[in-house]
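Below are my notes on this entry, as numbered points. Please read them with the model open.

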Amino acid sequence: MTKAHLGLLLVPASLSTVLVGFIMLTTRHKAISQVVGYLILENGIFIFGMLLVEAMPLMVELGVLLDLFVGIFVITIIVNHINEAFSSLDTRKLSALKE
Amino acid sequence: MALPWNRVRPWLIPFTGLAHLVLTVWTLRKPELQAPVGWLVLDPPGRLILFVISLMFFLCGFYTVGYLRYRGAWSNRTFTSCLLAFLGVMTLVVWSHHLGLMWVAIEATSLLTAPLIYFNRTPRSIEATWKYLLICSVGIALALLGSFFLAYASLHEGLESSLLFEDLLHLAPRLSKPWLHTAFVLLLVGYGTKMGLAPMHTWKPDAYGEARAWSERCSPEV
């Protein structure tokens, strides 16, 4: 196994993308922006996954891809229902359940 | 789910639970049974957890029949199919001996639970589903990052990278320490969010308040 991957900028790029995703997730109020933040976070993780192309089996990669696809699918359905039930996408209105 | 009758369909749950329980006991009595691939191994803690899950599902199945009869007017097709798929994926979590495969199965459990929480279709249950989905998805994404870090810890030292539990145990002393520490923190936070460990448990009261009987989940940490 060579160490050619050490010179690449993949690790800093992936970490900064993950952090940008987190900032987007925590500072936005609209539900759809939070979903976009989650997608950016996942993109950052996949940039890191570029380092491991040889290590991860194809089945696992396909499983991860399928899970993310279905996940975004389900989340978007829920966002749609939020829009119908609260007539806005503002997550500050989702405050009925308190501990 | 070809059964058209809303009243008969819930009985699929205890019957599947019974079949699962019988097969589980049969598997536990034959320890020499091995899956053809090395990814699926049933280790000693896995045996106990698989048995507990199977028994719990079987017993909760009867409760579910009564609950769905009480809610007779609503279609329970999605509910039943998601619950049965949940049992299957949960079994895969216990069996999998590959960190990537386990991640896929755990993420699938959280996706399959979302329709169960949303069953009541009230604004409150939408809120609980939204919080559950977002918090758990982000937590599990962190766990995926942790798994990648763990795979990279061996690549960084010039070793062959693998996420099989046996290989990881075998290679453990030679892995790169800083990457290993970071991977541990990320895996703890990630799967801790799914399990509901103390600082990351905020989704739990909401989701359990809206979906009463479905607290039979347990994420086995090996």
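1. In this predicted model, one side of helix α7 of chain B carries the exposed residues B:K177, B:P178, B:H181 and B:V185. The buried residues of α7(B) are B:A183, B:L186, B:L187, B:G190, B:Y191, B:T193 and B:K194. Viewed along the axis of α7(B), these buried residues lie within an arc of 140°, so they line one face of the helix. An α-helix has 3.6 residues a turn, so residues three or four places apart point the same way.

2. What covers the buried residues of α7(B)? The cover includes α4 (99-117) and α5 (123-156) of chain B.

3. The length of α7(B) can be checked. Helix α7(B) runs over residues 177-195, and its 19 residues should span 27 Å at 1.5 Å a residue; the C-alpha atoms at its ends are 26 Å apart, which agrees. Just after α7(B), B:G196 has a positive phi of about 85°.

4. Helix α3 of chain B (residues 77-95) packs with α1 of chain B (residues 12-28): their axes come within 10 Å and cross at roughly 10°. Angles under 35 degrees count as roughly parallel, and α1(B) is therefore roughly parallel to α3(B). From α1(B), the residues B:L12, B:I13, B:T16 and B:H20 meet B:T80, B:L83, B:L84 and B:L87 of α3(B). By class, the residues of this contact are five nonpolar, three polar and no charged.

5. Helix α3(B) also packs with α2 of chain B (residues 44-70), at an angle of about 170° and with the axes 9 Å apart. The two helices are therefore roughly antiparallel to each other. On the α2(B) side the contact is made by B:G46, B:I49, B:L50, B:I53 and B:F57, and on the α3(B) side by B:L87, B:M90, B:T91, B:V94 and B:W95. Here the division is eight nonpolar, two polar and no charged residues. B:L87 is listed in the contact with α1(B) and again in the contact with α2(B).

6. How many residues of chain A are in contact with chain B? There are 32 of them, and they contact 34 residues of chain B. Helices α1 (10-27), α2 (31-49) and α3 (58-86) of chain A each supply at least two residues of the side that touches chain B. The most comes from α3(A), with 13 residues. This side of chain A has 23 nonpolar, five polar and four charged residues.

Conventions: Residues numbered from 1 in each chain as written. Chains lettered and ligands numbered in written order. Predicted model: local features only at pLDDT ≥ 70, side-chain atom pairs only at ≥ 80, totals over all residues. Axes fitted to C-alpha atoms, helices over the stretch in contact; angles between N-to-C directions. Helix = DSSP H or I, 4+ residues; strand = E, 2+ residues; numbered from the N terminus. Parallel < 35°, antiparallel > 145°, perpendicular 65-115°, else oblique. Contact = placed C-beta atoms within 7 Å. Nonpolar A, V, L, I, M, F, W, Y, C, P; charged D, E, K, R; others polar. Expected span 1.5 Å × (residues − 1). Buried ≥ 20, exposed ≤ 12 C-beta atoms within 10 Å, placed from the backbone. Arc of directions from axis to C-beta.
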